[in-house]
Amino acid sequence: MAKEYNLFSLVTRDKDKPPDEIIPERVELKANQMWCPYCSTPVVFVKDKKLGVKRCPICGISDRDYHVKRLNSRWK
Ligand SMILES: [Zn+2]
């Protein structure tokens, strides 16, 4: 049981960290991935049916967030 929780505890969001300004050059995003500037990792944003937006599955930021939009605009 504990193992399942460990998966998530590996990714801890540092709330004091400013969002990324750029996507690191070594990163190659797959077609359905976006860069989460808050988690500093490629993620597949998950559709939130209630709100009609897509959200990072790790930190829950929506794809309407200014930094998310700005970083990922060239991928759309
Ligand atoms: Zn995130």
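A residue is buried if 20 or more other C-beta atoms lie within 10 Å of its own, exposed if 12 or fewer, and partly exposed in between, with C-beta atoms placed from the backbone. The model is predicted: local features need pLDDT of at least 70, side-chain atom pairs count only at pLDDT 80 or more, and totals for chains, interfaces and linings use all residues. Residues are numbered from 1 along each chain as its sequence is written.

**The whole chain**

The average is 84, and 76% of the residues score at least 70. Helices (H or I, at least four residues) and strands (E, at least two) are DSSP runs, numbered from the N terminus. The chain contains 2 helices and 4 strands, arranged along the sequence as α-β-β-β-β-α. Select helix H1 (residues 2-9), where confidence is lowest at a mean of 50, and then strand E2 (residues 41-43), where confidence is highest at 96. Where pLDDT is low, the predicted coordinates should not be read in detail.

Of the 76 residues, 14% count as buried. Two residues are in contact if their C-beta atoms, placed from the backbone, lie within 7 Å. Among the chain's contacts with a separation of 6 or more, 29% join residues 24 or more positions apart.

**The nonpolar core**

A nonpolar core is a set of buried Ala, Val, Leu, Ile, Met, Phe, Trp, Tyr and Cys residues joined through C-beta atoms within 7 Å. Select Met 34, Trp 35, Cys 36, Tyr 38, Cys 39, Val 43, Cys 56, Ile 61 and Val 68, the 9 residues of the largest such core. Strand E1 (residues 34-36) gives the most to this core, with 3 residues.

Next, centre on Cys 56, in the loop between E4 and helix H2 (66-72). Cys 56 is classed as buried because 23 other C-beta atoms lie within 10 Å. Leaving aside neighbours within four places in sequence, Cys 56 is in contact with Cys 36, Cys 39, Val 43, Phe 45 and Ile 61.

Beyond four places in sequence, Val 68 touches Met 34, Cys 36, Pro 37, Ile 61 and Asp 63.

**Arg 55**

Step back to Arg 55, in strand E4 (residues 53-55). Is Arg 55 buried or exposed? With 20 other C-beta atoms within 10 Å, Arg 55 is buried. Not counting residues up to four places away in sequence, Arg 55 touches Phe 45, Val 46, Asp 48, Gly 60, Ile 61 and Ser 62.

**Two loop positions**

Select Ser 40, in the loop between E1 and E2. Ser 40 has a positive phi of about 55 degrees although it is not a glycine. Most residues other than glycine have a negative phi. Ser 40 is partly exposed, with 16 other C-beta atoms within 10 Å.

Finish at Val 27, in the loop between H1 and E1. Val 27 is classed as exposed because 12 other C-beta atoms lie within 10 Å. Beyond four places in sequence, Val 27 touches Trp 35 and Pro 42. Val 27 and Pro 42 are 15 residues apart in sequence and 8.2 Å apart in space, C-alpha to C-alpha.

Terms used. pLDDT is the predictor's confidence in each residue, from 0 to 100.
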